[in-house]
Amino acid sequence: MTKILGDRYEFDPKTDFLGSGTFGRAYRARDRRRFQEPCIVKQLRPELAERNEATWAFAKAAFEKEARKLQALGEKTDRIPSLLAFLDEVDPDDGQRYFYLVMQYIEGEVLAQEFAHQFQRGPFSETQTLALVLSLIHI
């Protein structure tokens, strides 16, 4: 079932799922107002609200902090995605309140995948390590 956020960002939770972390789930989405340009939707995991009020409050604060950091940093470098939207919406199907952040999609390999491929070939050389650190230092 396709979801549309803010009457703009469209994704299917089943087919567009990219992965999940401690606080959120990520989906590849499309911006309907920008010729289906790809973007990333990250949803704060709603099941965190079921644990207890303190956990939910902490998760919401951390999620909002991430959005604010994306907004500040994403505009300064092409290595960090820009924040496109921070949404607080009620799902018409279940009546539950959900929080989302929408960010720019940056083509490329996920850093964890890049590390996994490298580790299959062996440990990083000193030159490779230095090159990696220098590339990250600009962020």
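How many residues line the largest pocket, and which of them lie nearest its centre? The lining has 29 residues, with P81, I106, E109, V110 and L111 nearest the centre.

Before going on, keep in mind that this is a predicted model: local features need pLDDT of at least 70, side-chain atom pairs count only at pLDDT 80 or more, and totals for chains, interfaces and linings use all residues. Residues are numbered from 1 along each chain as its sequence is written, and side-chain values use heavy atoms, with hydrogens and water left out.

**Pockets**

A pocket here is an open set of points on a 1 Å grid over the protein atoms alone, where a 1.4 Å probe fits, with protein on both sides within 12 Å along at least five of seven lines; lining residues have an atom within 4 Å of a point. The largest pocket has a volume of about 890 Å³, volume being the space filled by probe spheres set on the points. Among the elements that each supply at least two lining residues are helix 2 (53–74) and strand 4 (24–31); helices (H or I, at least four residues) and strands (E, at least two) are DSSP runs, numbered from the N terminus. By class, this lining holds 14 nonpolar, 7 polar and 8 charged residues.

The second largest pocket comes to about 160 Å³. Strand 1 (3–5) gives the most to its lining, with 3 residues. The class count there is 7 nonpolar, 1 polar and 4 charged. For both counts, Ala, Val, Leu, Ile, Met, Phe, Trp, Tyr, Cys and Pro are nonpolar, Asp, Glu, Lys and Arg charged, and the others, Gly among them, polar.

**Salt bridges**

There are 9 salt bridges in the structure, each a side-chain nitrogen of Lys or Arg within 4 Å of a carboxyl oxygen of Asp or Glu. Here are three of them:

| Pair | N to O distance |
|---|---|
| E47 and R25 | 2.9 Å |
| E66 and K42 | 2.9 Å |
| E64 and R68 | 2.8 Å |

E47 sits in the loop between strand 5 and helix 1 (48–51) and R25 in strand 4, so their pairing ties together parts 22 residues apart in sequence. R25 and E47 also belong to a salt-bridge network with R45.

E64 and R68 are 4 residues apart in helix 2, so about one helical turn separates them. R68 counts as exposed because its relative accessibility is 54%, while K42 is buried at 19% (buried is under 20% relative accessible area, exposed over 50%, partly exposed in between, with a 1.4 Å probe and protein chains only).
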